[in-house]
Amino acid sequence: MPSSLTLESARRIGVIFKRELAGYFATPIAAVFLVIFLMLAGAFTFYLGNFFERDQADLLPFFTFHPWLYLVLIPALAMRLWAEERRGGTIELLFTLPVTPWEAVVGKFLAAWCFTGLALALTFPLWLTVNVLGEPDNGVILAGYLGSLLMAGGFMAIGSCVSAFTKNQVIAFVISVVVGLGFVLSGFPLVLDVFRGWMPHVVLDLISSFSFLTHFHDVSRGVIDLRDLVYFVSLIGVWLFATALILEWKKAE
Amino acid sequence: MQSMVDIRQLRKTFGPIVAVDGVSLTVGQGEVLGFLGPNGAGKSTTMKMITGFLTPTGGAVTVNGFDIREQPLEAKRGLGYLPEGAPAYGEMTPRSFLLFVGALRGLRGAALHQRVSETMRTVHLEDVMHQSIDTLSKGFKRRVGLAQAIVHDPPVLIFDEPTDGLDPNQKHEVRELIRAMARDKAIILSTHILEEVHAVCTRAMIIANGRVITDGTPADLEARSRLHNAVLLRVSGAGRDDVRAALGEVPGVVAVEALDADAAEQAWRIFPTDGAPIIGAVSHCVSRHRWNVVELSVCRGQLDEVFRSLTMPAQALT
């Protein structure tokens, strides 16, 4: 009965998703994260992005800073995903319940991603503002939001995987930021110079094609290329798969 | 008796350390098996392998006929587990936590809510059901852990130190609960507290250095005690040497040990040959000499003494 099996599986993912999402709101995490996220997003847009001075009805100055915002804030959310389960011993409880590691990984990831999506959705006053002040292309803005959400998922999946390695949340945070930075800047000399000279050109091209910035650049300008979407979705898939493997392999350590 | 947990040649190594070394056992319906053993003996590791948290290095575990490695979901479904320290999600309330565990256990809708309410009544959690678990006392936290293990009414229960850190009243309550559930379930629990073995277990197993040293009823274990059927005698107003000599001549007595004595009273422990009952012969001796008896009792044997004698030499070797 493959269909009923997958239905059961989806149900269990749903149960874990609900618990996890409720967990954000049962603790100060939700309030602190949402407030800080909105404050920083606003500050970047108006001060660094010169939202008003540009005199253009779009949200580009808003989206431009998202990679940097996520680089710091998403690891802060993701670090607790598995490190906290390890530290509190609840990982033993979770993995002796009739749940597969894959279901647990997906359920927890989706909750964290959804929560980030909520934070992103709460930036809607900016969208209202540009619509009041001018006549923006709302299709472009929608594409920007979609790209931003996908990129957030990428950061979250990386953070989930790193968090599965350790019971120390500080370590999980720092390593997630570094790995995330590698992905943001992989098209830039800072990262490429490490590999230049001893790696063949094909590999350098491959590494630079991993850049979050490059993939996000076009989407945030309203150009929805299937390759960018596939890139982010498969990036999420690969990191989550790795998370499940790591948990299966060293869940008891 | 139907076998519900079946373990064959279970083995677990962590690098060079052998934590569990060829443990085999079978637990059937109606049995409460107590794992005894010093810290680090392999009790928790064995339980973690039975419940599917740790993957064994060798051997096999079957729960309700399902191999824990081949069919983990089916095996786990019929299992309730209280891990050591009763971990729980601290920000949740007992009620929401039980609803979460019950839902993952496959309960849903009205049945889920009904089972959660019943379980909370069983372990007396109603008063704190809307408080977050973080704010509960140790005793309540342990009850939350017990509740999540039994919320789906599983046929097999594994409890890792269920009464650890509880006060005597709470311990009593948890034992009553385990006893009440024992009839139609197979239960494995670990403990350091030897009186607990008497209170709840139908069978006791001493584990040291990853191996099973003994396996039998609590009475079997006691019979292995040096003190089994020994007689404690306290008399007053008699000469020490006379008493010692007279007791030494009683048939079946192998040794007489002086416990404590003051001017008025003296106490003796009289050991039988091969644990055979000697109380009759001793009391006959007492009445023949017309000693003034203050106390006369039979010792069933002390589990902690058996435990020490069985686990200490093994420890000294390592």
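The contact between the chains takes 17 residues from chain A and 21 residues from chain B, where two residues are in contact if their C-beta atoms, placed from the backbone, lie within 7 Å. This is a predicted model, in which local features need pLDDT of at least 70 and side-chain atom pairs count only at pLDDT 80 or more, while totals for chains, interfaces and linings use all residues. Residues are numbered from 1 along each chain as its sequence is written, and chains are lettered from A in the order in which they are written.

On the side of chain A that touches chain B, α1 (2-26) and α6 (90-94) each supply at least two residues. Helix α1(A) gives the most, five residues. By class, this side has eight nonpolar, six polar and three charged residues. Helices are DSSP runs (H or I, at least four residues), numbered from the N terminus.

Within chain A, helix α4 (residues 66-78) packs against two helices.

| Pair | Axes come within | Crossing, roughly |
|---|---|---|
| α4(A) and α10(A) (residues 169-184) | 9 Å | 150° |
| α2(A) (residues 29-48) and α4(A) | 11 Å | 175° |

The crossing angle makes α4(A) roughly antiparallel to α10(A), a term for angles over 145 degrees. Their contact includes A:L71 and A:P75 of α4(A) and A:F173 and A:L181 of α10(A). Its residues divide into 10 nonpolar, two polar and no charged.

Helices α2(A) and α4(A) are therefore also roughly antiparallel. A:F33, A:F37, A:L40, A:A41 and A:F44 of α2(A) meet A:L69, A:L73 and A:L77 of α4(A). This contact has eight nonpolar, no polar and no charged residues; Ala, Val, Leu, Ile, Met, Phe, Trp, Tyr, Cys and Pro count as nonpolar, Asp, Glu, Lys and Arg as charged, and the others, Gly among them, as polar.

Terms used:
Axes fitted to C-alpha atoms, helices over the stretch in contact; angles between N-to-C directions. Parallel < 35°, antiparallel > 145°, perpendicular 65-115°, else oblique.
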